[in-house]
Amino acid sequence: MEMMFETERRDLAHTVRKMFDRKDTNVAGGNMSVKVFDAEGHAYILITPTFMSETYYAELSPAQILVVDAASGKKIDGVGDVTREINMHEEAYKAHPGIRCVYHSHAEASMFWATIGQDMPNVTEATRELGRIRCLPYKPACSKELADTVHDALVAIGDKAVENVLLLNSHGILITASELHIATRLLETLEWNAQIAYKQALFIKMGLLDDYQSCGHNYQAPLPLPDIALPEQPIRGVSQQFPADMKRSVDETHLH
Ligand SMILES: [Zn+2]
């Protein structure tokens, strides 16, 4: 029997293992999901199972990627249990129809900024398109308050939510993207930015810099780079980075 959304589940299982091996989350958690549609246009959330890090070290088979009915919230296929953190994913998808991937991670360098409760200074060229990297007020992990805070923060930024990073105070990060492989690129460039901004903070404290610097100017100066997607110009329906044999089903997904 054919597995539901086998191509997408295989890609998600492969990607989450790679990201775990690259230390883009820690063994305490993290979860990734993508939103897909069936032939009738009904939406599903494909999501990694609970304990995917601490029990499985992200070595998941496609069957362990759970299929959750987006309308009812019920698991309809897959081996394993749904994480309690799915409430953040559900609220993020509700916030904007262009969001097709939610990536929650306990990424080390970004968590430095998340724990001090400050926005992360956005200093590298590769991350400037993200605009403000906002730190949300603290809400306990897995709580409805946290999921609601994520939802409201994404609604407030409109189309920018289609490519965005939120810092979850003292917990981790939440990336929203139009596509799985955009989300992974955002996380790795964000992690570099987090480390570089931290070092700039030390230079500021030592009196070697007046303020954070980016692209030859103060980091808050307007960006003189028209070929990078600005927050007002979200990337949607961009060509996929999948291998050729995966492309067809992805294109079909994007038709809806
Ligand atoms: Zn978490």
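This report covers the sheet, the hairpin and the helix packing of the structure above.

**Overall content**

The model is predicted. The protein holds six helices and ten strands. It has 256 residues, and 41% of them count as buried. Take the contacts between residues at least 6 apart in sequence: 66% of these join residues at least 24 apart.

**The sheet**

Eight strands make up an open sheet with mixed pairing. Their order is β4-β3-β2-β1-β5-β8-β7-β6. β4 (75–77) and β6 (134–135) are the edge strands, and each pairs on one side only. Helix α1 (residues 6–21) packs on this sheet and touches β1 and β2. The direction of α1 makes about 160° with that of β1.

| Pair | Sense | Bridges | Partner residues |
|---|---|---|---|
| β1 (residues 31–37) and β2 | antiparallel | five bridges | V34 and L46 |
| β2 and β3 (residues 66–69) | antiparallel | four bridges | I45 and V68 |

How much of β2 is buried? Strand β2 spans residues 43–47, and four of its five residues are buried. The strand is thus mostly covered. On one side, β2 pairs with β1 in the antiparallel sense. V34 has L46 in β2 as its bridge partner. β2 also runs antiparallel to β3.

β1 and β2 form a hairpin, with five residues between the two strands. G41 lies in the turn and has a positive phi of about 85°.

**Helices α3 and α5**

Two packed helices are described by the angle between their axes and the distance between the axes. Helix α3 covers residues 108–116 and helix α5 covers residues 180–205. Their axes come within 7 Å and cross at roughly 55°. α3 and α5 are therefore oblique to each other. Their crossing is left-handed.

Which residues meet here? From α3 come A109, S110, F112 and W113. From α5 come L190, E191, A194, Q195 and Y198. By class, the contact has six nonpolar, two polar and one charged residues.

How values were computed: Residues are numbered from 1 along each chain as its sequence is written. This is a predicted model: local features need pLDDT of at least 70, side-chain atom pairs count only at pLDDT 80 or more; totals for chains, interfaces and linings use all residues. Axes are lines fitted to C-alpha atoms, for helices over the stretch in contact, and angles run from 0 to 180 degrees between N-to-C directions. Angles under 35 degrees count as roughly parallel, over 145 as roughly antiparallel, 65 to 115 as roughly perpendicular and the rest as oblique. A crossing is left-handed if the near helix is turned anticlockwise from the far one by less than a right angle, and right-handed if clockwise. Two residues are in contact if their C-beta atoms, placed from the backbone, lie within 7 Å. Ala, Val, Leu, Ile, Met, Phe, Trp, Tyr, Cys and Pro count as nonpolar, Asp, Glu, Lys and Arg as charged, and the others, Gly among them, as polar. A residue is buried if 20 or more other C-beta atoms lie within 10 Å of its own, exposed if 12 or fewer, and partly exposed in between; C-beta atoms are placed from the backbone. Two strands pair if DSSP finds at least two bridges between them.
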